[in-house]
Amino acid sequence: MSSIYGIALGPGDPELITLKALRILKEVDLIFYPGSINDGVEKSYVYPILQYHGLEDKELRGFFLKMSNNRTQASEIYTSTAEEIKEAHQLGKKIAIVCEGDISLYASFSYILEKLQHFELPITLIPGVNSFSLGAALHKTPLSLLNDKIAIVPRAKNIEEITHYFEQFDTIILMKIRSGWHNFQSELTQKSWKCYYCERLGTDEAYITADITALTDRDIPYFSLLIIKK
């Protein structure tokens, strides 16, 4: 039977997916895609990418996760989605599961992957462009040079934590910054570090700035990150 594909779609720009990813998406019968539930409203960050490439004629199935620190609902969705994938594969369907960003970096697919591996199903992963690579490109700044070391830090809590990482690293990429943003934003403005903020990269709502003071009253979305360099 054919392999099940885990496919990264990149950070949001529909043209930032690989040729291989697009070829496989056109070949499969069934595409599973992730989304979120906020206040009872379902929304998918990746669905517009599928639309852009004219994939609506495929069978599309969304799996939607509540935006919560309580992982109970998410775990149930991952389990039920993996079961659906298993059943569809046994029926002989060619299947892809897509995700935003890269397939191996904070990807919802990874939780489904674990369950599919438990079922001993054939799986192939197609990597993609991650959000901070696009962010660095838009800011026209290198993430690293020569022997620079990089740290990727999710949900930083305070300025002390960030300062601690600079004892070992030259560039820090803060992911999922919304939860701790107001705990360290004002203190960032007092540092001599260079900061590069990015949100909703690759979409029509994308916004970047290297001026941290411009973010004082800004509502920081889930899809945001900050690149900090010494």
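In strand 11, which residue is the bridge partner of Y196?

Tutor: The bridge partner of Y196 in strand 11 is I227. The model is predicted, so local features require a pLDDT of at least 70 and side-chain atom pairs count only at pLDDT 80 or more, while totals for chains, interfaces and linings use all residues. Residues are numbered from 1 along each chain as its sequence is written, and side-chain values use heavy atoms, with hydrogens and water left out.

Strands here are DSSP runs of E with at least two residues, helices are runs of H or I with at least four, and both are numbered from the N terminus. Two strands count as paired if DSSP finds at least two bridges between them.

These two strands sit within an open sheet of five strands, ordered 7-8-11-9-10, with mixed pairing. Strand 7 (150–154) and strand 10 (207–209) are the edge strands; each has a single partner strand, so one side of each lacks a neighbour in the sheet. From one strand to the next, the twist averages 15°. Such angles run from 0 to 180 degrees between the N-to-C directions of axes, which are lines fitted to C-alpha atoms, for helices over the stretch in contact; contact means heavy atoms within 4.5 Å.

Helix 5 (residues 131–139) lies across strands 7, 8 (171–175), 9, 10 and 11. Relative to strand 11, helix 5 runs at about 60°.

The setting of this sheet is a chain with seven helices and 11 strands. The chain has a radius of gyration of 19 Å, close to the 17 Å given by the globule rule for 230 residues, so the chain is as compact as a globular protein of that length. That radius is taken over C-alpha atoms, and the rule is 2.2 Å times the number of residues to the power 0.38. The C-alpha trace spans about 60 × 35 × 30 Å along its principal axes. Of the contacts in the chain with a separation of 6 or more, 70% are between residues 24 or more positions apart. Buried residues (under 20% relative accessible area, 1.4 Å probe, protein chains only) make up 45% of the 230 residues.

Terms used. Buried means under 20% relative accessible area, exposed over 50%, partly exposed in between (1.4 Å probe, protein chains only).
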